[in-house]
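Thank you all for coming; I would like to walk you slowly through one structure this morning. Please have a look at the picture first, and then we will go through it together.

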Amino acid sequence: MKDVSYNTWIEPICVIKLDGVAIKLAVPSEFHKEIVKERYLKGIKSAILNVTGREYKIEISVIKILESKGEICSINTANKNKFIPCKVNSKYLFENMVVGKNNELAYKSALKVAKSPGEDMRLLYIYGEAGMGKTHLLNSINNYIVENSKHLKVINITIYKFINNMINSISNDKNDLFNSEFYNSDVLVFDDLQDIDGKERSQEEFKNILNTVLAMGKQVVLGSSKPSREIIINGEKLESVFEVSAAFQLTKPDLNTKIEILKSRISKEELLFIDDDTINVIAGNVDTNVRELIGAYNKVVSYSKMVDKKIDRQELLSII
């Protein structure tokens, strides 16, 4: 097939529904539908059989493909993709994360998925209490793919937004379009999975979408504050519903890692009164999470700039 034919008739096709019997495709016009049926339907069926090993009934609908509203992140190559390219906060990069024993395995797995999505760890689960760096890692995956794999489409969304968008799509009778956004992306990143607890209708939709995209060979990354055994989907544990390839926990950083985190922050600023003794005091007296460690550091920086002098230990302890 020539590139011009592929770009004109095949590339615009979207999968909007997939079950055990049929695959529903969407095209932008009746004319497009007739061309696909007459010239390309046999080849599409053959390609699906080669990939899945199963024969599916192919249904084609005419649906205007809508652009996303911001939760969908993808690369726009030659203005042909249907999703808006986006890069989340640029501070969320792999190179900006200090790696220690508390996060080493999660970090390495996230980086591996970002470099080779859909290969070794098709469903990666990263969990940890609030403030441990989970969102940093998930967004680093998004940013790395956006920067380095310009042919891939990425969805990066919280469960809260997923549920709200799903409800809106059902209310507006556009659930097929909602599902198609996930089916037609290559990498799906969901944060705050614990928020799906108790929401049975959302759990059902989430389960159907994930089962479909995993069967299609997509990459899925789930982030949560809870371990997978505590996530219940329609009455079953997550690992009974999906085949989790790998699960890694983020824990509290040890003293040396906390010191390295603070030094990493200081190296990016011009500060006069944050010396090693001050760093050691902050690191030794904040034993909760990375977020609160950085919060304590920011308080010290602000106070130091305001008084314009070296802070003694007593003052330092009162600040943090």
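Let me begin with two terms: strands (E, at least two residues) and helices (H or I, at least four) are DSSP runs numbered from the N terminus, and two strands pair if DSSP finds at least two bridges between them. What you see is a predicted model, in which local features need pLDDT of at least 70 and side-chain atom pairs count only at pLDDT 80 or more, while totals for chains, interfaces and linings use all residues. Residues are numbered from 1 along each chain as its sequence is written, and side-chain values use heavy atoms, with hydrogens and water left out.

In the sheet, Lys24 stands opposite Glu59 in β3, and β2, residues 22-27, pairs with β3 in the parallel sense over six bridges. The whole is an open sheet of three strands in the order β1-β2-β3, with mixed pairing. Because β1 (14-18) and β3 (57-62) each have a single partner strand, they stand at the edges, and one side of each is left without a neighbour in the sheet.

Let us turn to a residue elsewhere, Ser140, which is found in helix α4, residues 134-148. Is Ser140 buried or exposed? With a relative accessible area of 1%, Ser140 is buried, where buried means under 20% with a 1.4 Å probe, counting protein chains only. Leaving aside neighbours within four places in sequence, Ser140 is in contact (heavy atoms within 4.5 Å) with Tyr92, Leu93 and Phe94, and its side chain reaches the backbone oxygen of His136 at 2.7 Å.

Terms used
Buried means under 20% relative accessible area, exposed over 50%, partly exposed in between (1.4 Å probe, protein chains only). A polar contact is a pair of N or O atoms within 3.5 Å; within protein, one must be able to donate a hydrogen and the other to accept it, and residues adjacent in sequence count only if both atoms are side-chain atoms.
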